[in-house]
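This report describes one protein chain in plain terms. Please look at the sequence and the model before reading on.

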Amino acid sequence: MSNLFKIVFVISLIFLMASCSDNTVYDEYIAIDNANWKKENIATFEFDAKDTLNPHNIYINIRNKGDYAYSNLYLFVTINGPSGDFSKDTVNCVIADNRGKWKGKGIGDLWDYQQPYLGNVKFAKKGIYTVYLEQAMRVEDGLNGISDIGLKVEKVETRD
């Protein structure tokens, strides 16, 4: 009976995974050299927005080491659209709680945190969007402990 249960469980899991749709439009990380993010090193991401009808969520992904000296990360975010229009923001990503415990998921000395940036955004035009992420922490020698920075765009799941 045990083997039959395992087989049914595995088959059910396969059907469940096949029925789930992945709404990810873009998901990319850029590695930071020596986990030391210098102010002049601006992370650049390009994605092709093909859907102007459905809303999307945009996330900033941060991968930090346990020796990162701060509980937050300030970023300058610039988005250039396909028709040349752009927006600029300053974003405060709080990656640790008041007690210093890292948010997100961690394995060993590396932590992944996903910061919601824009929610339910409908792209005005189809085409290539370029997103620039620049660390804005005003640290002279570079920002130690940030190993990767990323961007994720996903289509909002609609319920019919």
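Gly 142 counts as buried, because its relative accessibility is 7%; buried means under 20% relative accessible area, exposed over 50%, and partly exposed in between, with a 1.4 Å probe and protein chains only. The model is predicted, so local features need pLDDT of at least 70 and side-chain atom pairs count only at pLDDT 80 or more, while totals for chains, interfaces and linings use all residues. Residues are numbered from 1 along each chain as its sequence is written, and side-chain values use heavy atoms, with hydrogens and water left out.

**The loop around Gly 142**

Gly 142 sits in the loop between strand 9 and strand 10 (143-144). Helices (H or I, at least four residues) and strands (E, at least two) are DSSP runs, numbered from the N terminus. Not counting residues up to four places away in sequence, Gly 142 touches Asn 36, Trp 37 and Lys 38; contact means heavy atoms within 4.5 Å. Between Gly 142 and Lys 38 there are 104 residues of separation in sequence, but 4.1 Å in space, C-alpha to C-alpha.

Arg 138 belongs to the loop between strand 9 and strand 10. Arg 138 is exposed, with a relative accessible area of 73%. Its phi is near 60°, a positive value in a residue other than glycine. Asn 120, in strand 8, also is not a glycine and has a positive phi of about 55°. Asn 120 is exposed, at a relative accessible area of 55%.

**The chain as a whole**

What does the secondary structure of the chain come to? It comes to one helix and eleven strands. From the N terminus on, the order of elements is α-β-β-β-β-β-β-β-β-β-β-β. The chain has 160 residues, of which 37% count as buried. Among contacts between residues at least 6 apart in sequence, 79% join residues at least 24 apart.

**Strand 9 and its partners**

Seven of the nine residues of strand 9 are buried, so this strand is largely enclosed by the rest of the structure. Strand 9 (residues 127-135) pairs with strand 5 in the antiparallel sense and with strand 3 (residues 43-49) in the antiparallel sense. Two strands pair if DSSP finds at least two bridges between them. Strand 5 (residues 72-80) also pairs with strand 6 (residues 86-94) in the antiparallel sense. The hairpin of strand 5 and strand 6 has five residues between the strands, and there Gly 84 takes a positive phi near 95°.

| Strand pair | Bridges | Opposite residues |
|---|---|---|
| Strand 5 and strand 6 | nine bridges | Leu 73 and Cys 93 |
| Strand 5 and strand 9 | six bridges | Thr 78 and Tyr 132 |
| Strand 1 and strand 11 | seven bridges | Glu 28 and Leu 151 |

In strand 9, Val 131 is the bridge partner of Ile 79.

Five strands form an open sheet in the order 1-11-4-8-7, with antiparallel pairing. Strand 1 (24-31) and strand 7 (105-107) are at the edges, and each has a single partner strand, so one side of each is left without a neighbour in the sheet. On average, neighbouring strands of this sheet are turned by 15° against each other, direction ignored. The axes are lines fitted to C-alpha atoms, for helices over the stretch in contact, and angles run from 0 to 180 degrees between N-to-C directions. In a regular strand the side chains alternate between the two faces of the sheet.

**The largest pocket**

The largest pocket has a volume of about 200 Å³. Of the 14 residues that line it, the closest to its centre are Ile 79, Asp 85, Val 121, Phe 123 and Tyr 129. On a 1 Å grid over the protein atoms alone, a pocket is an open set of points with protein on both sides within 12 Å along at least five of seven lines, where a 1.4 Å probe fits, and lining residues have an atom within 4 Å of a point. Grid points are joined across faces, edges and corners, and a volume is the space filled by probe spheres set on the points.

Strand 5, strand 6 and strand 8 (110-121) each supply at least two residues of the lining. By class, the lining has nine nonpolar, three polar and two charged residues. Ala, Val, Leu, Ile, Met, Phe, Trp, Tyr, Cys and Pro count as nonpolar, Asp, Glu, Lys and Arg as charged, and the others, Gly among them, as polar.
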